[in-house]
Amino acid sequence: MSESTSAGSGASYASAGVDIEAGDRAVELMKEWVKKTQRPEVLGGLGGFAGLFDASALKRYERPLLASATDGVGTKVDIARQMGVYDTIGHDLVAMVMDDIVVCGAEPLFMTDYICVGKVHPERVAAIVKGIAEGCVLAGCALVGGETAEHPGLLGPDDFDVAGAGTGVVEYDRLLGADRIRTGDAVIAMASSGLHSNGYSLVRHVLFDRAGMSLDQRVEELGRTLGEELLEPTKIYSLDCMALTRTTDVHAYSHITGGGLAANLARVIPDGLHATVDRSTWAPDAIFDLVGKAGQVERLELEKTLNMGVGMMAVVPADSVDVALTTLADRGVEAWVAGEITERGAHTTGAELVGDYAK
């Protein structure tokens, strides 16, 4: 290369599509939202290389077990992009991570996020972080840090994706799971807020590609536009589940995500036992019927992909049902007894749905 090249004509990070100044502005805009999630155990502020959490807070546990999980929100981010709404997708991210952690009985402690964009739009990134921070407040955890990465050439200027990782803690002898479940236990269903964050590849294919619907189209059976329905944030159950474990003897939880209700419930059912869930105990929201009819999707395929109106399930002793339902009702969570645990027969699996949905 000639040494006579004039100043300023050489390549730079900015000319390659990465705007460091925009990234710095995004950090400044998000600080106020991250601050709202702080717990007393968090040390330092936003901007360090690592988030710090004072582990001495765990001394009150006799045998603390750390629980960790990581997840994203899938192709739901494309709905947010198309609608230009960025401050709700963070709720989905927190729910997908922290509601996995609470399944084992763990208290959510802290979370980090990763936001990947084609081009940093500071206000847009800050809106995404605002949603994550609001979700952390609802889950009772701190947002201790994260990363915003700009990937020009790999993502379009308006494209983005989000992912996150979280940590919780549970006392060893309070660990929930399959080994606690007994014959005669009741299965309690907690209502979802809609599709949550799973199955959007099927949903988008059916509603957009096959049915030719649009996001701004008002759908009478939904009572709002299709876009508003599809962007409804995932319900965060973390604090509700923690309250339930304090008031009654919960044996297990199951977070109903990808794979559907039966497959996720089966993950916490021990060998030799069987969970039967009665469809007639609830009526799925209209969006599930819309997807099924628009794509002529068979019920079994819907149930393998979508939550069908149930976002979380709890397995409790039969004599704890009343207290459990009262606790959840007091917290504004719609819940009902949906099934029971029995001995597993020769031709049964870990969990199955029976009957027909209520109308």
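Predicted model: local features only at pLDDT ≥ 70, side-chain atom pairs only at ≥ 80, totals over all residues.
Biologist: Hi! Which residues touch the most other members in the largest nonpolar core?

Modeller: Phe160, Leu207, Leu226, Leu230, Leu265, Ile287 and Met313, out of 78 residues. A nonpolar core here is a set of buried Ala, Val, Leu, Ile, Met, Phe, Trp, Tyr and Cys residues joined through side-chain atoms within 4.5 Å, and buried means under 20% relative accessible area with a 1.4 Å probe, protein chains only. Helix α3 (residues 89–101) gives the largest share of this core, 8 residues. Helices are DSSP runs of H or I, at least four residues, and strands are E runs of at least two, numbered from the N terminus.

Biologist: What else is there apart from that core?

Modeller: Another core, of 19 residues, including Val103, Ala186, Leu328 and Val333.

Biologist: Switching to the sheet, what is the strand order?

Modeller: The order is β10-β12-β7-β13-β11-β14, an open sheet with mixed pairing. Two strands pair if DSSP finds at least two bridges between them.

Biologist: Why is one side of β10 and of β14 left without a neighbour in the sheet?

Modeller: β10 (252–255) and β14 (351–354) stand at the edges, so each has a single partner strand.

Biologist: And how do β11 and β13 run?

Modeller: Antiparallel: 5 bridges join β11 (residues 273–278) to β13 (residues 335–343). Val277 stands opposite Gly339 in β13.

Key: Residues numbered from 1 in each chain as written. Heavy atoms only, no water. Buried < 20%, exposed > 50% of the residue type's maximum accessible area, 1.4 Å probe, protein only.
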